[in-house]
Amino acid sequence: MKEKFQTLVSPEKTKTYQRIKNRIANKPHLEISQAIAIKVLDKLDELGWSQKEFANQMSVSPQQVSKIVRGSENLTLESLVKIEKVLGIQLLVLA
Amino acid sequence: MKIVDIFAEVFPGHLYAVILDKDLENEFDRNIENWTSVEFLRNYASVNKINDQISFIKNITKEVGEIDDVMLRVINRDVELNYFFRPLSNSEFLDKVLSLQKGKFGSQKFLRIYAIKIESNCFLITGGAIKLKRTMQEHPETMKELYTLHQVKSFLINQGILDSDAINEYVFEIN
């Protein structure tokens, strides 16, 4: 039965294993990335901006904005400061 | 419809997933990508009138983390896939008695991964869903998954891979 089943299987490769490893590696900063995404999305709603508009204001690609609002991106300090400035929100707090 | 071996390079021949549309990912990756997107979860919470969005996102994120940990254990041969897939029983169709579920398993789990069992330790993932406190038949998302499960099962029966009178529908569960 399994041999017959395997004749139906495509040789196409997946990135599943690599993605699992990446998610586990990114776990330490995930909560923060998610909190940033929520804050950004809340502000976009408040401003009535689309993600395209936000990308224009940030001078970045829509793909980069998609990564920000996904909440799993390891953002640089430079990106965080830029988001703060464009949206008028505070993301960074010094201890 | 295509079928791919999602761990072909590290643990071949055990966990497969369907690709339903040529422009889409396989059903395991597609669902995990949704469940790890704040934007997706926020929209989902809004549509389903979940008030505490932050807790909802945290719960889903925690469950995805658990799924990833299990998958790594399976790939490393620490545990078998059979342990985590249970038959899709009537409990998915009837209202669960939540007090019993909570008592035995702790907090409620929201994520469901649906699969067809090909043979022991060999499963074909057909889809996934976030399951709120309803039966499969009451929520449109899980109804769609039920339909896909049956479609894939019919296909495999027609190919002579499954017996028509066997129960092959399974759901992935971490207890």
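Which residue does the side chain of B:Lys153 meet in a salt bridge? It is B:Glu169, at 3.5 Å from N to O. Keep in mind that this is a predicted model.

Where do the two partners sit? B:Lys153 lies in helix H5 of chain B, residues 140-158, and B:Glu169 lies in strand E6, residues 169-172, so the pair ties together parts that are 16 residues apart in sequence. B:Lys153 is buried, and B:Glu169 is buried too.

Now step back to chain B as a whole. Five helices and six strands make it up. From the N terminus, the order is β-β-α-α-α-β-α-β-β-α-β. The chain has 175 residues, and 51% of them count as buried. Take the contacts between residues at least 6 apart in sequence: 56% of those join residues at least 24 apart.

Over all chains, the search finds 16 salt bridges. One of them crosses chains: B:Asp29 meets A:Arg19 at 3.6 Å, N to O. B:Asp29 is in helix H1 of chain B, residues 27-35, while A:Arg19 is in helix H2 of chain A, residues 16-47, so this pair joins two chains. Both residues are buried.

B:Glu27 and B:Arg30 form a salt bridge at 2.8 Å, N to O. They are three residues apart in the helix, so about one helical turn separates them. B:Glu27 is buried, at 1% relative accessible area.

Key
Residues numbered from 1 in each chain as written. Chains lettered and ligands numbered in written order. Predicted model: local features only at pLDDT ≥ 70, side-chain atom pairs only at ≥ 80, totals over all residues. Heavy atoms only, no water. Helix = DSSP H or I, 4+ residues; strand = E, 2+ residues; numbered from the N terminus. Buried < 20%, exposed > 50% of the residue type's maximum accessible area, 1.4 Å probe, protein only. Contact = heavy atoms within 4.5 Å. Salt bridge = Lys/Arg side-chain N within 4 Å of Asp/Glu carboxyl O.
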